[in-house]
Amino acid sequence: MSRQDRQFQGRGLGFKLSLLILTCTTAIFLAAFAYSHYSSKQTLMKEAGADAANLTLASIRKIEATLASVEEVPGFLAFTYGKGTPTPLAIKQDLTGFVLFNRAVFGACVAYAPHAYYAGTRLFAPYAYKKDGRLEYTHLGEEYGYPNADWFLIPSKLERPLWSEPYFDEGGGGAVMCTYSVPFHRDEDGRRRMLGVVTADISLEWLRELVGHISIFRSGYAFLLSRNGVFVSHPKDAYIMRESVFSLAEQAASPELRRIGQDMIQGGSGFVRLPEFVLGKPAWISYAPVRNAGWSMGVVIPEDELFEDLDRLKRQVVGIGLGGFVLLLLVIILVSTSITRPLKNLAGRTAEIAKGNLDIPLPESRSGDEVGQLSRSFEEMRLALREYIANLTETTKAKERMESELKIARTIQMSFLPKRFPPFPDIRQFELHAALDPALEVGGDLFDFFLLEDGRLLFLVGDVSGKGVPAALFMAVTKTLVKGIAELEDTPAAILDRVSRELLVDNEAMLFVTMFLGILDYNTGQLTYSNAGHNPPVLLRGGRADWLPMPRGLFLGVMEEAVYRNMTITLEQDDRLVVYTDGVTEAVDESGELYSNQRLLDVVSGLSAQGAKQMSEALVESVGRFAGSAPQADDITVLTIHYLGGGPASTSAQPKGEDE
Amino acid sequence: MPSRIRTVIAALAVILAVLGESPAQAGPLKKASLIPQWEPQAQFAGYYVAKAKGFYEKRGVDMDILRGGPSSPPSKLLAEGKALFGTMFLATAVMERSKDLALVNLAQVMRGSTFLLVARKSSAINRPGDFNGKRVSLWGKEFSLQAEEFFKNAGVQVERLPQGFTVDLFLRGGVDVVSAMYYNEYHVLLNSGLDPEDLTLFPLRDYGLDYPEDGIYCLNSTFKADPELCSAVADASLEGWRYAFEHPEEALDIVMGHVEAARLPTNRMHQKWMLERLREAMLPTAGRQGPGPLLAGEFEAVARTLAKAGLLQKPVSFEEFHVPAR
């Protein structure tokens with residue numbers, strides 16, 4: 001992409017809009033203007049050409065009429081003198097009368113061919129002319145040498161009347177003139193004898209005044225060319241007789257002007273453009289022949305005057321165009337500003353929003369156009385975003401709080417559980433191991449064991465309903481109560497009953513706890529136990545796993561009237577009792593299937609050769625394997641007692657062991 | 001071009017050296033007058049320039065250049081003592097000498113002929129033989145000498161009409177052929193709207209008639225009385241020519257001054273053409289010297305032709321006719 005494009009891309013919408021519209025408008029205007037100018041110029045040119053031709057012809061008529069009046073008398077005199085030789089006096093009267101009465105005539109002459117007037121005189125040429133307003137009469141003689149003068153020689157040889165080229169009549173009229181000569185002759189012995197010519201001169205100064213009075217536009221002018229292309233009349237005095245249209249063309253090296261000149265002297269007429277050097281500005285020439293003299297009249301018209309109307313029209317159209325352009329520019333700026341200002345505003349505000357400042361209100365737009373719609377959409381987006389962010393903040397806070405509560409709860413829970421295994425290394429009668437795999441949220445499982453007097457082991461596994469800190473605290477309370485009450489009561493049922501009652505007090509949270517509690521006389525293997533709504537433990541005896549028979553019993557902390565009963569079995573050597581929470585049996589795998597009681601029994605059967613520690617850990621592991629990637633919903637607690645058999649030998653090691 | 005101009009200048013310098021510079025006169029200027037053989041025009045630029053630039057005065061000559069024209073032939077003015085010096089065609093001078101006008105040639109300025117016979121293409125005159133029966137306008141006797149020789153050589157009979165000061169008779173269709181000098185009338189024809197391709201030219205030098213034209217003359221008595229004056233006039237005139245070719249615009253200004261004073265129907269462009277053609281004609285070429293003393297060969301050729309044409313009343317010798325080189 002070019003630099004300009006990049007610059008263009010970087011410009012505002014208003015600028016692009018203005019540029020494009022104005023460019024298009026300008027192009028359209030220019031095209032229309034050029035066409036209109038061209039066609040009106042064509043039309044006007046035709047009209048101007050016709051006008052100029054008419055003007056030229058009218059001027060030519062004027063000149064022709066004047067020349068015709070000059071030509072009349074010489075023709076008449078030539079006719080007369082051909083008939084009979086006039087006396088010098090008659091000639092004088094004829095010539096002076098003619099010069100006096102025709103204002104156009106500068107001079108008149110009757111020039112006889114050598115020896116033609118009468119034999120004794122070689123040259124005879126009386127000449128009447130005006131000098132300083134007075135009439136002069138003279139004879140042209142040897143000194144003048146008129147037989148070789150063009151005005152005499154050429155008409156004589158051509159035997160027809162002729163206007164001469166312009167010349168300075170030295171020794172004659174002493175003026176720059178053109179001479180009209182009519183030859184006359186007499187038939188002698190059947191031969192035409194050339195007698196001489198009758199002439200009439202016109203002063204070119206006079207002719208210049210005549211032509212100068214023809215007004216052509218403002219500064220246009222007319223000029224006359226002789227047959228040779230020499231200026232017979234021209235506003236520039238210095239051109240007359242001296243310069244020709246061809247010498248001007250040669251000077252300016254202009255073949256164009258030369259061609260115009262050639263057409264002019266060949267009697268052509270036309271309306272063509274002049275080379276610019278002639279007037280120093282564009283100009284046109286209209287020309288046509290002056291028939292009787294064989295001259296050509298040219299009328300030079302400056303182009304600006306010829307096309308004055310067109311130029312005025314052009315100026316007006318350009319003025320209107322410029323005005324319209326400015327107006328259009330203003331309107332475009334106005335419109336584009338009204339579009340871009342809200343957009344710019346919107347862009348500014350949304351940039352703020354993008355930075356996270358959602359409280360900045362978007363500009364209100366009452367308009368129903370696209371910008372208004374966009375503005376409203378942005379406002380809705382902003383509000384939705386703000387609400388969402390607010391919600392997100394709340395949720396995050398709650399989550400953080402909860403997470404911290406759970407952490408506290410777990411700390412409470414775990415801090416209350418025994419951690420030292422094996423717990424009683426000195427006691428040989430049994431092995432005990434417990435494992436608790438906490439769920440992400442505190443499940444409220446608990447276990448405990450401690451030795452009582454007389455070689456007894458109290459152990460329990462419970463599960464507090466509810467979660468979180470209340471559950472953890474409840475669990476701690478329960479455990480503490482059990483510990484305290486175990487000092488006072490002898491049987492598991494009594495303990496449970498009393499714990500339940502204690503828990504009922506101020507149990508506003510309405511929490512409860514399931515619990516299996518047993519007291520094992522490890523010397524005898526007698527196990528007394530009671531149950532408060534807990535899952536039945538598994539007894540593995542002789543490689544076979546089975547449910548431990550259970551008395552009925554309600555959850556602890558629910559009803560004052562709850563009744564717990566004791567049951568007693570006697571453990572045999574190598575019996576294993578597996579106490580667990582519902583986190584084991586109610587574990588679900590990825591497909592939502594329960595771990596199930598049956599699977600528990602099978603797994604425990606399969607572990608018949610294992611010690612307490614291995615069994616607990618293997619069982620927890622089997623649950624983990626079963627669940628796979630399914631989330632763990634509840635704590636998993638397994639407590640295993642491996643009864644190794646009683647014997648006094650082992651009691652001796654017991655610190656508090658008292659055999660009663 | 002500049003190198004050619006330099007050649008001309010060098011040649012003129014040599015000539016001047018040959019003729020010898022006249023020392024500037026300490027005393028009063030000697031009165032003298034010169035009559036050109038035609039109306040004021042660039043054909044005489046050298047003389048007008050020599051006067052205007054003071055080349056005559058420098059040599060002690062108070063020169064008056066007379067107004068030339070058809071009614072003032074130099075031979076007549078010299079004979080009548082109205083002019084001391086004049087320019088003439090060589091043939092004219094030889095003829096006058098044979099008529100007992102004791103002219104001597106002081107310098108030959110134009111060594112070749114620029115004379116043309118011009119016909120319109122439309123009159124179908126393409127070869128000398130085509131002139132038979134055609135109307136030809138000719139100048140006075142000595143100026144028609146070459147043409148007459150041409151007609152004689154071609155074996156044609158023509159109808160002769162006098163040619164005045166202009167070519168208008170030809171332009172009006174009064175004649176089929178017009179006499180013209182290449183540097184003058186030919187250009188007048190062109191500047192009357194005729195194009196070169198409309199015209200057939202017969203330059204007579206191409207037909208063995210290359211007669212020398214303008215030279216400076218005086219009466220033998222003048223030369224005998226004051227040879228220093230004569231050589232001063234010749235030297236100053238040739239210096240004038242040299243200056244005119246070096247400064248054509250200035251020379252044209254000077255010429256136009258004389259033209260305008262005479263109120264002649266001509267213009268600067270025409271005079272410019274004339275001066276340029278003259279420079280070409282006066283330029284020394286391989287077979288031709290520049291302006292300088294008359295050569296015996298030139299003289300003999302013209303004298304022989306004139307004698308054969310019966311135009312010499314008595315023989316003229318080169319010895320008496322020319323001024324020997326100093």
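Ser221(B) counts as exposed, because it has 12 C-beta neighbours inside 10 Å, and a residue with 12 or fewer is placed in that class. The model in which this residue is seen is a predicted one. Ser221(B) belongs to helix α9 of chain B, which spans residues 220-225.

The chain around Ser221(B) may now be considered as a whole. Chain B contains 14 helices and ten strands. Of its 326 residues, 55% count as buried. When contacts between residues at least 6 apart in sequence are considered, 81% of those in chain B join residues at least 24 apart.

Two helices of chain B illustrate how such elements meet. The axes of α2 (residues 45-52) and α10 (residues 227-246) of chain B come within 7 Å and cross at roughly 100°. Angles of 65 to 115 degrees count as roughly perpendicular, and α2(B) and α10(B) are therefore roughly perpendicular to each other. On the side of α2(B), the contact is made by Ala45(B), Gly46(B), Tyr47(B), Val49(B) and Ala50(B). The residues supplied by α10(B) include Trp241(B), Tyr243(B) and Ala244(B). By class, the residues of the contact between α2(B) and α10(B) comprise eight nonpolar, three polar and one charged.

Chain B also meets chain A: 21 residues of chain B are in contact with 30 residues of chain A. On the side of chain B that touches chain A, at least two residues come from each of β7 (159-162), α7 (168-171) and α12 (268-282) of chain B. The largest share of this side, three residues, is supplied by α7(B). The side of chain B that touches chain A consists of eight nonpolar, ten polar and three charged residues.

Within chain A, helix α11 covers residues 468-486. This helix has 19 residues and reaches 27 Å from its first C-alpha to its last, close to the 27 Å expected at 1.5 Å a residue. Among the buried residues of α11(A) are Phe474(A), Met475(A), Lys479(A) and Val482(A). The buried residues of this helix pack against α10 (370-416), β14 (445-452), β15 (456-464), α12 (492-504) and β16 (513-521) of chain A.

An α-helix has 3.6 residues a turn, so residues three or four places apart point the same way.

Ser596(A), in the loop between α13 and α14 of chain A, has a positive phi near 75° although it is a residue other than glycine. Ser596(A) is partly exposed, because 14 other C-beta atoms lie within 10 Å. Met241(A), also not a glycine, has a positive phi of about 75°. Met241(A) is placed in the loop between β9 (231-233) and α6 (245-251) of chain A, and it counts as buried because it has 25 C-beta neighbours inside 10 Å. Finally, Phe421(A) and Pro422(A) are joined by a cis peptide bond, with omega about -10°. Pro422(A) is found in the loop between α10 and β13 (430-437) of chain A.

Notes: Residues are numbered from 1 along each chain as its sequence is written. Chains are lettered from A and ligands numbered from 1 in the order in which they are written. This is a predicted model: local features need pLDDT of at least 70, side-chain atom pairs count only at pLDDT 80 or more; totals for chains, interfaces and linings use all residues. Two residues are in contact if their C-beta atoms, placed from the backbone, lie within 7 Å. Helices (H or I, at least four residues) and strands (E, at least two) are DSSP runs, numbered from the N terminus. Ala, Val, Leu, Ile, Met, Phe, Trp, Tyr, Cys and Pro count as nonpolar, Asp, Glu, Lys and Arg as charged, and the others, Gly among them, as polar. The expected span of a helix is 1.5 Å times one less than its number of residues. A residue is buried if 20 or more other C-beta atoms lie within 10 Å of its own, exposed if 12 or fewer, and partly exposed in between; C-beta atoms are placed from the backbone. Axes are lines fitted to C-alpha atoms, for helices over the stretch in contact, and angles run from 0 to 180 degrees between N-to-C directions. Angles under 35 degrees count as roughly parallel, over 145 as roughly antiparallel, 65 to 115 as roughly perpendicular and the rest as oblique.
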